[in-house]
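Hello,

Here is the structure for you to look through. My notes on it follow below.

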Amino acid sequence: MSLHPTLQPYADAWTHSIEAISELVQPLAEAEWNRRTPCPSWSVRDVVSHVIGLDNEMLGDPRPIHTLPRDLFHVTNDHQRYTEMQVDVRRHHTAPEMTSELEYTIIRRNRQLRNDSRDPGTKVRGPLGTELTLEESMRTHAFNVWVHEQDLRTALGSPGNLDSPGAHVTRDVLLARLPRLIAEDAGAPRSSAVIIDVHGPVEFLRTVRVDIQGRGTLETAPALGPAAVFTLPWETYVRLACGRTTPEAVSDRLKADGDPMLVKAILDNFTVTN
């Protein structure tokens, strides 16, 4: 039995990122697990706890039975409560406990992937009782783990892997969300176009065209006379799209031209992750 070829790139991306995370945290002293990360309200320990929890759910493990404390003021909705459960249950775990559980989880997930012959369209469990395809689940998981690898790298002052397999999965995930962001969330005018020009370790130029019905589509051809053009480095694009920074904080790396109202609306809606 072997993994379906469609799913292999997501397994490869996960493997690359999870092994990088393991290497990053293995030598950390106890105090370093408390460092803040760019992921809002989470420490290094919290991010690693979340990654372990994500993989436990991919394995089909039961969720922990745990009551969240009432003073977690960053937790304000059901999705955040669902996510925080796997994090808070490990908040008092020691560094050896964290690294041991991470290593054991990696071993179990590798075994699962080696023996997984399911079709990409197989329905699997998602957050809060939702259902999604195995392909969607693995793509989103590879994306999440790479983004959290970058959170840890920032917190620990160890940049890298900005062009790894996980980075390319992340590019595709974020690009897929651009048409809705620009056409619906930002309300770009009908029959208009917006260009996103990203440079650095991962480079791309994409046009989002908004048709007469207000629907957005993603194209590789540049538009003539776009309503707005955004030019920025890959790392800045990821940090903005994943809610790790604000447009004001990266204004020196972000060039935005065009209709000022549209530019503001797009930047106000640039964060596309939950």
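What covers the buried residues of helix 3? Helix 2 (44-58) is part of that cover. The buried residues of helix 3 (residues 78-88) are Tyr82, Thr83, Glu84, Met85, Gln86, Val87 and Asp88. Buried here means under 20% relative accessible area, with exposed over 50% and partly exposed in between (1.4 Å probe, protein chains only). Helices (H or I, at least four residues) and strands (E, at least two) are DSSP runs, numbered from the N terminus.

Before the rest, some notes on the source. This is a predicted model, in which local features need pLDDT of at least 70 and side-chain atom pairs count only at pLDDT 80 or more, while totals for chains, interfaces and linings use all residues. Residues are numbered from 1 along each chain as its sequence is written, and side-chain values use heavy atoms, with hydrogens and water left out.

Helix ends

Asn77 caps the N-terminal end of helix 3, with a side-chain oxygen 3.2 Å from the backbone nitrogen of His79. At the start of helix 8, a side-chain oxygen of Asp259 comes within 3.1 Å of the backbone nitrogen of Met261. For polar contacts, the cut-off is a pair of N or O atoms within 3.5 Å; within protein, one must be able to donate a hydrogen and the other to accept it, and residues adjacent in sequence count only if both atoms are side-chain atoms.

An open sheet has 5 strands in the order 5-4-3-6-7, with mixed pairing. Its edge strands, strand 5 (216-219) and strand 7 (255-258), each pair on one side only. On average, neighbouring strands of this sheet are turned by 15 degrees against each other, direction ignored. Axes are lines fitted to C-alpha atoms, for helices over the stretch in contact, and angles run from 0 to 180 degrees between N-to-C directions. Two strands count as paired if DSSP finds at least two bridges between them.

Strand 3 (residues 192-199) is mostly covered, with 6 of its 8 residues buried. With strand 6 (residues 228-233), strand 3 pairs in the parallel sense over 6 bridges. In that pairing, Ile195 stands opposite Val229, and Val198 stands opposite Leu232. With strand 4, strand 3 pairs in the antiparallel sense over 7 bridges, and Ala193 has Arg209 of strand 4 as its bridge partner. Strands 3 and 4 form a hairpin with 4 residues between them, and Gly200 in the turn has a positive phi of about 125 degrees.

Helices on the sheet

Helix 6 (residues 165-185) lies across strand 3, strand 4 (204-210) and strand 5, at about 30 degrees to strand 4. Helix 8 (residues 260-268) lies across strand 3, strand 6 and strand 7, at about 45 degrees to strand 6. In helix 8, the buried residues are Leu262, Val263, Ala265, Ile266 and Leu267. These buried residues pack against helix 6, strand 3, strand 6 and strand 7; contact means heavy atoms within 4.5 Å.

Thr236 is in helix 7 (residues 234-241). Thr236 counts as buried because its relative accessibility is 3%. Apart from neighbours within four places in sequence, Thr236 is in contact with Val250 and Arg253.

Asp116 sits in the loop between helix 4 (95-114) and strand 1 (123-125). Asp116 is also buried, at a relative accessible area of 7%. Not counting residues up to four places away in sequence, Asp116 touches Ser2, Leu3 and Leu134.

Pocket and cavities

On a 1 Å grid over the protein atoms alone, a cavity is a set of points where a 1.4 Å probe fits but cannot get out, and a pocket is an open set with protein on both sides within 12 Å along at least five of seven lines; lining residues have an atom within 4 Å of a point. Grid points are joined across faces, edges and corners, and a volume is the space filled by probe spheres set on the points.

The largest pocket holds about 1,300 Å³ of space. Of its 46 lining residues, His50, Leu54, His79, Thr83 and Asn144 are the closest to its centre. Helix 5 supplies the largest share of this lining, 9 residues.

There are 2 cavities of 30 Å³ or more, and the largest cavity holds about 100 Å³. Helix 5 (134-156) and helix 7 each supply at least two residues of its lining, and helix 5 gives the most, with 5 residues. Among the lining residues of the largest cavity are Trp146, Asp151, Glu235 and Arg239.

Regards
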